[in-house]
Amino acid sequence: MTEVAQDTGAAGASRNTPARISVWAAFLGAGLIAGIFLTPMFWLLYGGVYTFLVFAFGVVAIPAGHLGRRRGKHLGGRDRGVALLGIVTGWILIFFSLLLVLAYAGLLAGLAFLADSAS
């Protein structure tokens, strides 16, 4: 009975903040990826900024997700699935940001080849 009262207390004992931070970072990074596909011109103009933010959100989501999983264990399993979603999505964001770097480098190399062959 005291555990239930303690979990619903106003002191915030029932919150799993790292898990929520992890999933928010993951969703923001996924939103940037959607923005890249929906507005490719912005990615061509600001590719470095998009790629850095996708990578940064992935880097935030992974450790926060691990902290959320650990805290969820102490809270009786609360938000452990959300934290796992943040971890998995964080790794996908990091992988996707590396693919973006390769795509951007390939685009620049292709444009350099075209400019060189036109001369």
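**Helix packing in close-up**

**Figure 1. Helix 4 passes helix 5 in a left-handed crossing.** A crossing is left-handed when the near helix is turned anticlockwise from the far one by less than a right angle, and right-handed when clockwise. The model is predicted: local features need pLDDT of at least 70 and side-chain atom pairs count only at pLDDT 80 or more, whereas totals for chains, interfaces and linings use all residues. Residues are numbered from 1 along each chain as its sequence is written, and side-chain values use heavy atoms, with hydrogens and water left out. Helix 4 covers residues 47–74 and helix 5 covers residues 80–118; the two pack at an angle of about 160°, with axes 7 Å apart. Helices (H or I, at least four residues) and strands (E, at least two) are DSSP runs numbered from the N terminus; axes are lines fitted to C-alpha atoms, for helices over the stretch in contact, with angles from 0 to 180 degrees between N-to-C directions. Helix 4 and helix 5 are therefore roughly antiparallel (over 145 degrees; under 35 is roughly parallel, 65 to 115 roughly perpendicular, the rest oblique). The contact of helix 4 with helix 5 has 15 nonpolar, 10 polar and three charged residues. Nonpolar here covers Ala, Val, Leu, Ile, Met, Phe, Trp, Tyr, Cys and Pro; charged covers Asp, Glu, Lys and Arg; the others, Gly among them, are polar.

**Figure 2. The buried residues of helix 4 pack against helix 2 (17–38), helix 3 (40–45) and helix 5.** These buried residues are Gly 47, Tyr 50, Thr 51, Val 54, Gly 58, Ala 61, Ile 62, Ala 64, Gly 65, Gly 68 and Gly 72. Buried means under 20% relative accessible area, exposed over 50% and partly exposed in between (1.4 Å probe, protein chains only). At 1.5 Å a residue, the 28 residues of helix 4 should span 40 Å, and the end C-alpha atoms of helix 4 are 41 Å apart, which agrees; the expected span is 1.5 Å times one less than the number of residues.

**Figure 3. Ala 64 is a residue of helix 4.** The relative accessible area of Ala 64 is 10%, so this residue counts as buried. Residues up to four places away in sequence aside, Ala 64 touches Pro 18, Ala 19, Ile 21 and Ser 22; contact means heavy atoms within 4.5 Å. Between the C-alpha atoms of Ala 64 and Gly 90 there are 9.8 Å, with the two residues 26 apart along the chain.

**Figure 4. Helix 2 and helix 4 form a left-handed crossing.** The packing angle of helix 2 and helix 4 is about 155°, and their axes are 7 Å apart. The two helices are therefore roughly antiparallel to each other. Residues of helix 2 in this contact include Ile 21, Ala 25, Leu 28, Leu 32 and Ile 36, while those of helix 4 include Tyr 50, Phe 57, Ala 61, Leu 67 and Arg 71. By class, the contact of helix 2 with helix 4 divides into 17 nonpolar, five polar and one charged.

**Figure 5. The axes of helix 2 and helix 5 come within 8 Å and cross at roughly 35°.** This crossing of helix 2 and helix 5 is left-handed. Helix 2 contributes residues including Val 23, Phe 27, Ala 30, Ile 33 and Phe 37, which meet a set in helix 5 that includes Val 82, Leu 85, Ile 87, Thr 89 and Phe 96. The contact of helix 2 with helix 5 comprises 16 nonpolar residues, four polar and no charged.

**Figure 6. Ser 97 belongs to helix 5.** With a relative accessible area of 2%, Ser 97 is buried. Leaving aside neighbours within four places in sequence, Ser 97 contacts Thr 51, Val 54 and Phe 55. Other buried residues of helix 5 include Ala 83, Gly 86, Gly 90, Leu 93 and Leu 100, and the cover over the buried residues of helix 5 includes helix 2, helix 3 and helix 4. At 1.5 Å a residue, the 39 residues of helix 5 should span 57 Å, in agreement with the 57 Å between its end C-alpha atoms.

**Figure 7. Asp 79 lies in the loop between helix 4 and helix 5.** Phi of Asp 79 is near 60°, a positive value in a residue other than glycine. Asp 79 counts as buried at 18% relative accessibility.
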